[in-house]
Amino acid sequence: MVLAVREADSRFATALRCARALQYGTTGRFTTRAGHDTCVCSLADVVALAERHPQIAAVTVIRRHGHALLRQ
């Protein structure tokens, strides 16, 4: 499964989860913009590899709330 989100929403959600974790007294996991951008840029390559992998039967792209956008 691949989660389809806008890049700006993904960065915001990362910061929000980190801030909430700190509020609860746990260690927040924050990703820098450069680290986030590296992951976003790599995602297309990972999906393409998954589509060709013989042990992966399907790749499904979903929205954050679970609505399927594409199943290949």
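Two strands count as paired here if DSSP finds at least two bridges between them, and helices (H or I, at least four residues) and strands (E, at least two) are DSSP runs numbered from the N terminus. The model is predicted, so to speak of local features we need pLDDT of at least 70, while side-chain atom pairs count only at pLDDT 80 or more and totals for chains, interfaces and linings use all residues. Residues are numbered from 1 along each chain as its sequence is written, and side-chain values use heavy atoms, with hydrogens and water left out.

**View A. The open sheet.** Here 3 strands line up in the order β1-β2-β3, with mixed pairing. At the edges sit β1 (2-4) and β3 (68-71), each of which pairs on one side only. Neighbouring strands are turned by 25° against each other on average, direction ignored (axes are lines fitted to C-alpha atoms, for helices over the stretch in contact, and angles run from 0 to 180 degrees between N-to-C directions).

**View B. Where β2 meets β3.** Strand β2 (residues 60-63) joins β3 in the antiparallel sense over 3 bridges. Look for Ile-62, whose bridge partner in β3 is Ala-68.

View C. Thr-60 belongs to strand β2 and counts as buried at 9% relative accessibility (buried means under 20% relative accessible area, exposed over 50%, partly exposed in between, with a 1.4 Å probe and protein chains only). Its side chain makes a polar contact with the side chain of Arg-71 at 3.3 Å. Such a contact is a pair of N or O atoms within 3.5 Å; within protein, one must be able to donate a hydrogen and the other to accept it, and residues adjacent in sequence count only if both atoms are side-chain atoms. Not counting residues up to four places away in sequence, Thr-60 touches Met-1, Val-2, Ala-68, Leu-70 and Arg-71 (contact means heavy atoms within 4.5 Å).

View D. The buried residues of α1 are Ser-10, Ala-13, Thr-14, Cys-18 and Ala-21. They share one side of the helix because they cover an arc of only 135° around the axis, taken from the directions from the helix axis to the C-beta atoms. These buried residues pack against α2 (33-52), while Phe-12, Leu-22 and Gln-23 are exposed on the other side.

**View E. Ser-10 up close.** Ser-10 lies in helix α1 and is buried, with a relative accessible area of 17%. Leaving aside neighbours within four places in sequence, Ser-10 is in contact with Val-5, His-36 and Arg-64.
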